[in-house]
There are 2 protein chains.
Amino acid sequence: MTTTPLEVGLDRSSPVPLYFQLAVQLEAAIDCGELAPGQRLDNEIELADRLGVSRPTMRRAIQELVGKGLLVRKRGVGTQVVQGALKRDVELSSLFDDLAKAQRRPSTDVLVVERRRPDDGVATALGLQPEEDAVYLERVRKADDVPLAIMRNWLPLDLAPSPELLRTRGLYDLMRGTGIHLRIASQRIGATSATSEQGRLLALRKGAPLLTMERVTYDDSGRPVELGRHVYRAESYSFQITLVSR
Amino acid sequence: MTTTPLEVGLDRSSPVPLYFQLAVQLEAAIDCGELAPGQRLDNEIELADRLGVSRPTMRRAIQELVGKGLLVRKRGVGTQVVQGALKRDVELSSLFDDLAKAQRRPSTDVLVVERRRPDDGVATALGLQPEEDAVYLERVRKADDVPLAIMRNWLPLDLAPSPELLRTRGLYDLMRGTGIHLRIASQRIGATSATSEQGRLLALRKGAPLLTMERVTYDDSGRPVELGRHVYRAESYSFQITLVSR
DNA sequence: TAGTGGTCTAGACCACCTC
DNA sequence: AGGTGGTCTAGACCACTAA
């Protein structure tokens with residue numbers, strides 16, 4: 001008698017790793033309620049055997065979901081589905097991608113694209129030489145024509161994007177298109193009050209609450225490739241995060 | 001000729017896993033600059049061999065630091081230390097712990113501790129029955145006697161903490177002390193303006209910017225054990241996050 | 001005591017990058 | 001072509017939990 005029937009189909013000729021195929025299908029089973037909150041899974045040896053993979057591969061699949069906060073494991077006890085519907089998290093994606101995914105219609109007003117001397121903080125974060133210039137961008141991102149955020153970015157000169165493309169696509173999307181692999185982002189989130197200038201751009205009164213984010217993004221060689229200093233309308237945006245302790 | 005001398009000492013009789021001992025010492029080497037930003041590590045087979053562990057164990061140690069955003073790997077190329085000093089992240093800890101660690105002197109005004117009927121949103125998040133009561137807490141957290149945050153919490157009745165202890169210790173600390181193992185926290189971060197009541201408690205004018213956090217915490221069996229709705233003085237607090245893509 | 005997850009090993013084959 | 005990390009296997013022993 002098994003506690004989880006759980007049928008999965010694996011394609012061993014696919015380039016997609018087995019552990020990943022397993023993790024995706026387990027996650028789908030949780031999402032659709034086939035694995036209910038609080039329900040216990042069979043032990044990993046049983047599962048590995050039934051699904052036709054080795055125990056380490058099965059463990060790795062389970063570990064993916066533990067890392068996402070969807071499963072919980074206790075030694076000597078077993079593996080359970082977490083109680084409580086989980087929301088999806090902030091990912092290494094741009095606001096543009098997020099809006100498109102949420103079926104909103106994103107657009108961008110490009111205010112500034114120019115070569116400029118960065119301040120010390122920016123130069124240090126991007127690893128530039130003391131006298132080295134960078135590209136400065138200033139944009140207003142709208143969703144369904146309602147202004148949502150003011151985005152100010154600094155990039156190394158060799159990564160300057162085309163102003164025309166910036167109007168219709170997100171910065172991350174453009175960078176990926178030029179062969180840059182974004183890997184790590186370090187973000188700091190805070191709050192502030194709108195200046196009159198910010199209020200004008202976001203159709204808010206001066207002093208309205210804003211959510212702020214400063215972010216440095218690194219590519220897969222660990223090189224800093226972008227610094228962003230953005231402010232968001234507080235009533236229209238928030239950040240979702242899940243923390244899992246080891 | 002090795003690119004990284006890297007001396008590490010392993011204790012195979014310790015209950016601390018080998019991969020963890022390795023990860024800690026690697027991280028220390030990065031922190032103290034023995035492994036410089038941008039520097040390439042030896043390949044993992046060489047490293048495993050030199051340090052006297054198997055390749056999977058060595059991989060796992062490296063993977064720990066990749067997950068923390070301290071190392072970056074590229075297939076066919078190698079493993080590098082990330083450029084740019086990384087800051088430490090939000091963890092599964094309370095504001096009280098954070099302040100104590102930062103050498104500030106935390107204290108707490110306990111305003112409310114009572115049994116109360118939660119609204120639907122709270123009841124759902126905590127997995128309570130429709131007519132079930134919960135414990136409601138309202139506190140003001142101060143650092144060096146300056147008010148920093150208003151904290152409102154809901155807990156299941158059986159987890160009610162002692163009002164006396166709340167004054168001198170953090171909620172998470174107290175919960176851990178009663179044998180609860182906090183595992184997962186799901187947080188949403190936003191911004192708002194201070195109401196006159198919030199302004200009074202935080203020594204701010206009405207309309208001042210506040211950082212908001214709503215958080216649900218789960219224990220190691222996946223049970224929701226706490227819901228917090230907190231507001232922070234914007235000028236005194238921010239959240240640090242690191243994202244790593246697979 | 002029986003069952004669970006946690007760790008570790010030794011080896012294999014593959015995909016990707018650089019030269 | 002050679003070197004790198006990515007994946008997968010089959011097995012072993014241990015620590016923790018619950019009955």
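**Exercise 1. Identify the residue of β2(B) that is the bridge partner of Lys74(B), and describe how the two strands are joined.**

Solution. In this predicted model, the bridge partner of Lys74(B) in β2(B) is Gly78(B). Finally, consider the connection: β1(B) and β2(B) form a hairpin with 3 residues between them. In that turn, Gly76(B) has a positive phi of about 80 degrees.

**Exercise 2. Determine whether Asp144(B) is buried, partly exposed or exposed, and state where it is found.**

Solution. Begin with the location: Asp144(B) lies in the loop between β4 (134-143) and β5 (146-155) of chain B. Its relative accessible area is 36%. Buried would require under 20% and exposed over 50%; Asp144(B) is therefore partly exposed. As for the backbone, Asp144(B) is not a glycine, yet has a positive phi of about 50 degrees.

Asp145(B) is found in the loop between β4 and β5 of chain B. Asp145(B) has a positive phi of about 70 degrees, although it is not a glycine. With a relative accessible area of 49%, Asp145(B) is partly exposed.

**Exercise 3. State which residues form a nonpolar patch on the surface with Val16(B).**

Solution. Val16(B) is found in the segment before α1 (18-31) of chain B. A residue of a patch needs over 30% relative accessible area; Val16(B) has 36% and is partly exposed. The patch consists of Val16(B), Phe20(B) and Val24(B), with about 210 Å² of accessible area together.

Notes. Residues numbered from 1 in each chain as written. Chains lettered and ligands numbered in written order. Predicted model: local features only at pLDDT ≥ 70, side-chain atom pairs only at ≥ 80, totals over all residues. Heavy atoms only, no water. Patch = residues over 30% accessible without salt bridge, like charges linked within 9 Å, V, L, I, M, F, W, Y side chains within 5 Å. Areas by Shrake-Rupley, 256 points an atom, 1.4 Å probe, with all protein chains shown as cover. Salt bridge = Lys/Arg side-chain N within 4 Å of Asp/Glu carboxyl O. Helix = DSSP H or I, 4+ residues; strand = E, 2+ residues; numbered from the N terminus. Buried < 20%, exposed > 50% of the residue type's maximum accessible area, 1.4 Å probe, protein only. Pairing = 2+ DSSP bridges.
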